[in-house]
Amino acid sequence: MSTMSHIALEGLSFTAIDFETANPKRASVCSVGLAKVRDGVVVDTLETLVQPPSGVQSFNHYNVAVHGITAQAVLGAPTWDVVYPKVAEFAGADALVAHNAAFDRSVLTQASAACGIVLPRTRWLCTRDTARSVLDLASYKLPDVSTALNIPDHDHHDAGADARQCALVLIGLCRRLGTDGQSLVRQHSRTW
């Protein structure tokens with residue numbers, strides 16, 4: 001076992017988030033997953049299907065082929081205006097961490113705008129960008145970064161599994177760097 005796995009990550013606390021969309025419109029959220037990290041350990045998760053906001057509800061065949069979520073699957077699922085308060089409560093004041101954070105941040109922003117939700121300013125960190133500054137890889141897709149950090153495979157494009165995997169990637173990057181983690185979060189995060 002690597003000595004890196006024994007590095008204390010006291011203070012490394014954040015919430016990883018991942019979205020799936022019904023179609024190319026970023027407001028068309030159909031699934032969200034979150035993973036809460038405290039002191040470098042995943043301590044809680046939240047995942048739900050979401051009925052996309054009206055006006056962006058059609059499911060595109062490409063998106064369905066990627067994540068497997070169909071219009072039928074979200075029948076009866078809560079709408080974003082119902083889900084968002086649970087997401088906000090779960091994340092609290094944490095920095096939000098995502099793999100390709102620009103995408104996830106835009107989904108959160110546009111789905112919320114479609115429902116008339118005003119978002120607070122939040123710190124965001126992108127594990128894809130952080131991995132680029134730490135690892136030398138041919139590809140920085142979540143499964144490739146995971147493999148480079150010896151993190152077991154996961155169900156890619158499942159929002160809950162991707163959020164948890166993203167959390168493990170940031171923990172792995174902190175271990176690789178031998179840092180306490182919070183300094184990495186401060187260094188690489190931006191407030192939006």
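**Entry 1: a proline in a loop.** I started with Pro24, which counts as exposed because its relative accessibility is 63%. For my cut-offs, buried means under 20% relative accessible area, exposed over 50%, and partly exposed in between, with a 1.4 Å probe and protein chains only. Pro24 lies in the loop between β1 and β2 (29–38). I also looked up its distance to Ile151: the two are 127 residues apart in sequence and 30 Å apart in space, C-alpha to C-alpha.

**Entry 2: what I am looking at.** I noted that this is a predicted model, where local features need pLDDT of at least 70 and side-chain atom pairs count only at pLDDT 80 or more, while totals for chains, interfaces and linings use all residues. Residues are numbered from 1 along each chain as its sequence is written, and side-chain values use heavy atoms, with hydrogens and water left out.

**Entry 3: the whole chain.** I found 7 helices and 6 strands in the chain. Helices (H or I, at least four residues) and strands (E, at least two) are DSSP runs, numbered from the N terminus. Starting at the N terminus, the order of elements is β-β-β-α-α-β-α-β-α-α-α-α-β. The radius of gyration is 16 Å, close to the 16 Å of the globule rule for 192 residues, so the chain is as compact as a globular protein of that length. That radius is taken over C-alpha atoms, and the rule is 2.2 Å times the number of residues to the power 0.38. The C-alpha atoms fill a box of roughly 50 × 30 × 25 Å along the principal axes. Of the 192 residues, 46% are buried.

**Entry 4: the sheet.** In what order do the strands of the open sheet stand? I read the order of its 6 strands as β3-β2-β1-β4-β5-β6, with mixed pairing. Two strands pair if DSSP finds at least two bridges between them.

I then followed two of the pairings. β2 and β3 run antiparallel and are joined by 8 bridges; Arg38 stands opposite Val41 in β3. These two strands form a hairpin with 2 residues between them, and Asp39 in the turn has a positive phi of about 50°. Strands β4 (residues 96–98) and β5 (residues 123–126), by contrast, pair in the parallel sense over 3 bridges. There, Val97 has Leu125 in β5 as its bridge partner.

**Entry 5: a tryptophan.** Is Trp124 buried or exposed? Trp124 sits in strand β5, and it is buried because its relative accessible area is 5%. From Trp124 to Glu89 I noted 35 residues in sequence and 17 Å in space, C-alpha to C-alpha.

**Entry 6: one face of a helix.** In α4 (residues 127–134), I found Thr127, Thr130 and Ala131 buried. Viewed down the axis of α4, the buried residues fall within an arc of 100°, so they line one face of the helix. The arc is that of the directions from the helix axis to the C-beta atoms. As a reminder to myself, an α-helix has 3.6 residues a turn, so residues three or four places apart point the same way.

Entry 7: Asn150 has a phi near 60°, and His157 has one near 75°. Asn150 is in the loop between α5 (142–148) and α6, and His157 is found in the loop between α5 and α6 too. Asn150 is exposed at 69% relative accessible area, whereas His157 counts as partly exposed at 29%.

**Entry 8: the largest pocket.** His157 came up again here: Glu20, Val66, Asn100, Phe103 and His157 lie nearest the centre of the largest pocket, among the 19 residues that line it. The elements giving two or more residues to the lining are β1 (14–21), α1, α3 (101–114) and α6 (159–177).

A pocket here is an open set of points on a 1 Å grid over the protein atoms alone, where a 1.4 Å probe fits, with protein on both sides within 12 Å along at least five of seven lines; lining residues have an atom within 4 Å of a point.
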